[in-house]
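Please look through the structure shown here with the report below beside it. The text goes from whole chains to the contact between them, and then to individual helices, strands and residues.

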Amino acid sequence: MLLFSKKSEAFLESELFHNFRGSYSAISGAGIIAFFVFIVVLGPSLVWQNPYDIASLELLDAYKPPFWIPGGDVHYILGTDGQGRDVLASIVYGTRISLLISLAAMVCSSVIGAALGLISGYYGGRLDGFIMRVADVQLSFPSLLIALFLMSAFGNGLGKVLISLTCVGWVIYARTVRGSTLSEKQKEYVQAAQAAGLPNHKIIVRHILPNVMTPLIVVATIQIGTFILIEASLSFLGVGVPITQPSLGLLVKNGFDVLLSGLWWTSVFPGAFIMLLVFGINLLGDFLRDELNPRLR
Amino acid sequence: MSDRLLDIRGLQTYFHTFGGVIKAVDGVDFTLDHGEILGVVGESGCGKSVVGFSIMGLVDEPGRIEAGEIRFNGKNLARCDERQMRKIRGKDITMVFQDPMTSLNPLYTIQAQMEEVMKLHSDMNAEQRRARCLELLREVGISQAESRLNNYPHQFSGGMRQRVIIAIALASYPRLIIADEPTTALDVTIQSQILKLMKRLVKDHGTAMILITHDLAVVAEMTDKIVVMYCGRIVEKGSRDHIIHNCRHPYTLGLLGSIPRLAARQARLTQIPGMVPNILDLPKGCAFAPRCTYAQDRCRDERPELAKLESGHHAACHFPVMR
Amino acid sequence: MISYLIKRIFQMVAVLWIVSIIVFTMMSFTGDPTYMMVPLDATQEEIAHARALLGLDKPYVVQYGIFLKNMLHGDLGRSFVFRQPAFGLIMERVPATVEMVMVSMILALVLAIPLGVFAGAYPRMKTSRAIMAGSLLGISLPNFWLGIMLIFVLAVQFHLLPSSGRGDTVSLAGVNLSVFTRDGLLHIIMPAVTLCFATLAMLLRITRAGMMEVMKQDYIKFARAKGATFHNVLFKHALKNALIPVVTIFGLQLGDLIAFATITEYIFAWPGMGKLLIDSIYMGDRPVIVVYLMFVAFLFVLINFVVDIIYTFIDPRITLR
């Protein structure tokens, strides 16, 4: 407990935190993310309607515009869709799905990618060559196409989206971690540990891993945003999440179908939320990258 | 008004950083006459490079010249604006940097980079420029100059690149060349070649030179006058003979003692004990006192000013060493 | 040089071969397409007969072998939906996609590089910070949402531009292009702008980062020591060096454009190969999907190769190994 508070004290006085406080963009980014976390955690209890509970829907309230437009209803702040579902409520539930999938994908791909990167960087040789070859080839293809292709083969489903995102996402973690591992490997503390007879896997986990965390965090932050966008694109095209568990992307798709009739709010608002969320993540990620980059002396 | 080439008085260049104000150069005075070679010596971080950049007006944010005068040819460079400095840089005062590997733009031929100075400061036409390039390359000892003009920097070795850089520095017949650790990044065998070349060229053209280095052995060979710096201040200055044969400041003594001499029988190299203090947290009193074997209480309380020991020889020490 | 070429070609073929295996394998998981080919009331015998005709009763490896053999002979399969050679279907639509991708790329380059240079050279100015915030927004935008917004504002609300489709075309050297007609231009504006946004933002950021990195280099300081003006230093010394990372990712960006074109074509009903892909995915038209992926893989491999070659012309330090 004491150690933790010492660390947080040190953090609060660090240059990182000082620069954070002085950076409008970083604070905005963190603020936006906090807002979305709030939505995810508390949202469903704050929104009066559960859009997936058919009993709570009123078909007569279908396609009501946002409340500030004539014809709107204050009960449905951002309007309703074709089934009478409140757009704001749908967004709240949709955000949970979008965020949860992306976070899960980030965790999976970072664990797999980091593991591969550590092994590749530390042991080197043929294994390293092979893994990096695969990574290079995969990187020459756009992630979206790979994910699209995988999903077209698997079919819709949350788990399948997770797998696709992981398959696409591991590469950047592997590359980054491998790079850091290579440079850490040269350092003396590693040689000292080897000389002391410490087994390789212990060296990797106890010594090298903590030191490659920094670039890993930066990459992970930005990747969440990338995953959100890929998942949204997949869902928009209809090959992502199943219809029963709509993410924000799927909401936009449903709204798009009626866009040309002038019913814009069902697609515009969910899309705006996607943009805002990813923007917030990128703001913070950008800041972290600039701060934690050792090259910018 | 003397006809000295360069007269620096009270130069203070500070860097305003997150951690505090770094007084990289804190009250430096020295003069230089036409054709003289001055050595500025000190450990890394003592501020000697910053002196060079201050003269050139190349001190970047977060640093700036806080106070002092840099009198060059009657003008105070510390007060000149960017446009005025640009006319002087590359023409009257030129600079040779430490790392020849990174000083040249990798994407342009050396001919292009040499001609750049000429295009900036003269009216020569293409033919004249080319002829001058060849002339310069020969002067710095690059053989087969004709064929090498169209080469790129990565096709030269370190020593040859430095020669090209010296050629660029001489191109406009400057009054003063500032050489910042010109040989530190080179192989030992090449170092003395380059140094001899520089000395010869400078004397032949009557150019003055400020040679910035941490290596006292280098200045012993090359210079007419020497300035020794420590933590942003001058601790001793004088002619070459004064410093090498009759130095009075304990720090200079320490520096001299740590030069290995091949011929002489030395029991061991003397080492200056301790470490350079944190520039943000300089000790009260003499900055060198914590490491000085001769330090006394007065040294720790009172900061010594530069005092004249004999004509042309000054030291900042309360108890200059007797030899 | 020759040995490098041979090595590269060998690598490219190897990659394409592996891709074909992966694509073929994955596609065989998508269920039995026999049911698409027979009328609804077909009997079991007729279904079995159709399956044999399609070669779907043979073991997987044999099927792959047939696939490969056919491919090498130029027969890339027939669309289940259109009953035409899949390759032909794709080729018909390539000009439309290429047109849109080219316009987007040009738009992106023309805007990104000047803005990036400015933001990199004067990073602390308010305008630069605004540019950077804008570029961050650009890479956060879901591409499909931007398209939707544009359609809604410019087409539905203000009726300025057509909301879908491709405009009139003009035939140039046997290829139909629409950018040379007024109608065509009106149709291509929104899709191209939608598509170029993310690439523009990315290129801008890379250019800026490259500029800032380069401005710290010794040779920049040395150029200043020669008395060069800031303008001089910027355009002569810094720019060329800063553009190297741009060239590096150029190939990747082009690939991204082709990928995102699928979405853009879907939204704007642009008759390109991307739309064909999406439609084929919906309809389970396996052969078309396979051919699309193989073709696109071939394109990417080719693009990367060309970029590597171009690279050597820009940076004299790089030699082909």
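This is a predicted model: local features need pLDDT of at least 70, side-chain atom pairs count only at pLDDT 80 or more; totals for chains, interfaces and linings use all residues.

## Two chains and their contents

Chain A, by comparison, has 11 helices and zero strands, and its pattern along the sequence is accordingly written α-α-α-α-α-α-α-α-α-α-α. The table sets a few overall values of these chains side by side.

| Chain | Residues | Buried share | Span of the C-alpha trace along the principal axes |
|---|---|---|---|
| Chain A | 297 residues | 45% | about 75 × 50 × 30 Å |
| Chain C | 321 residues | 40% | about 85 × 60 × 35 Å |

For chain C, residues 24 or more positions apart account for 69% of the contacts with a separation of 6 or more.

## Where chain C touches chain A

The contact between these chains takes 36 residues from chain C and 35 residues from chain A. On the side of chain C that touches chain A, at least two residues each are supplied by helix H1 (2–27), helix H6 (126–140), helix H7 (143–157), helix H10 (230–268), helix H11 (273–283) and helix H12 (286–314) of chain C. The largest share of this side, eight residues, comes from H7(C). Sorted by class, the side of chain C that touches chain A has 28 nonpolar, seven polar and one charged residues.

## Two helices that cross in chain C

H12(C) also meets another helix of its own chain: the axes of helix H5 (residues 86–121) of chain C and H12(C) come within 9 Å and cross at roughly 55 degrees. Because of this angle, H5(C) is described as oblique to H12(C), and the crossing in which H5(C) passes H12(C) is right-handed. Which residues meet where H5(C) and H12(C) are in contact? From H5(C) come C:Ala86, C:Phe87, C:Leu89 and C:Ile90, while H12(C) brings C:Pro287, C:Val288, C:Val291, C:Tyr292 and C:Phe295. By class, this contact of H5(C) with H12(C) has nine nonpolar, no polar and no charged residues.

## Sheets and strands in chain B

Strands of a sheet pair through backbone hydrogen bonds, either parallel or antiparallel. Chain B has an open sheet of eight strands in the order S6-S7-S8-S3-S9-S10-S12-S11, with mixed pairing. Strand S6 (93–96) and strand S11 (307–310) of chain B are its edge strands, each of which pairs on one side only, and the twist from one strand to the next averages 20 degrees. Within this sheet, strand S10 (residues 233–239) and strand S12 (residues 313–315) of chain B run antiparallel and are joined by two bridges, with B:Ala315 in S12(B) as the bridge partner of B:Glu236. Helix H1 (residues 48–56) of chain B packs on the sheet, where it touches strand S3 (37–41), S6, strand S7 (176–180), strand S8 (208–213) and strand S9 (225–230) of chain B, and its direction makes about 145 degrees with that of S7(B).

With strand S4 (residues 63–72) of chain B, S1(B) pairs in the antiparallel sense over eight bridges, and here B:Leu6 stands opposite B:Phe72 in S4(B). With strand S2 (residues 20–32) of chain B, S1(B) pairs in the antiparallel sense over nine bridges, and B:Thr17 has B:Gly20 in S2(B) as its bridge partner. A hairpin joins S1(B) to S2(B) through two residues.

## Two residues with a positive phi

B:Tyr173 has a positive phi of about 50 degrees although it is not a glycine, and its place is in the loop between helix H7 (158–170) and S7 of chain B. Is B:Tyr173 exposed or partly exposed? B:Tyr173 is partly exposed, with 13 other C-beta atoms within 10 Å. C:Ala269, also not a glycine, has a positive phi of about 50 degrees and sits in the loop between H10 and H11 of chain C. C:Ala269 counts as exposed because it has 12 C-beta neighbours inside 10 Å.

Terms used:
Residues are numbered from 1 along each chain as its sequence is written. Chains are lettered from A and ligands numbered from 1 in the order in which they are written. Two residues are in contact if their C-beta atoms, placed from the backbone, lie within 7 Å. Helices (H or I, at least four residues) and strands (E, at least two) are DSSP runs, numbered from the N terminus. Ala, Val, Leu, Ile, Met, Phe, Trp, Tyr, Cys and Pro count as nonpolar, Asp, Glu, Lys and Arg as charged, and the others, Gly among them, as polar. A residue is buried if 20 or more other C-beta atoms lie within 10 Å of its own, exposed if 12 or fewer, and partly exposed in between; C-beta atoms are placed from the backbone. Axes are lines fitted to C-alpha atoms, for helices over the stretch in contact, and angles run from 0 to 180 degrees between N-to-C directions. Angles under 35 degrees count as roughly parallel, over 145 as roughly antiparallel, 65 to 115 as roughly perpendicular and the rest as oblique. A crossing is left-handed if the near helix is turned anticlockwise from the far one by less than a right angle, and right-handed if clockwise. Two strands pair if DSSP finds at least two bridges between them.
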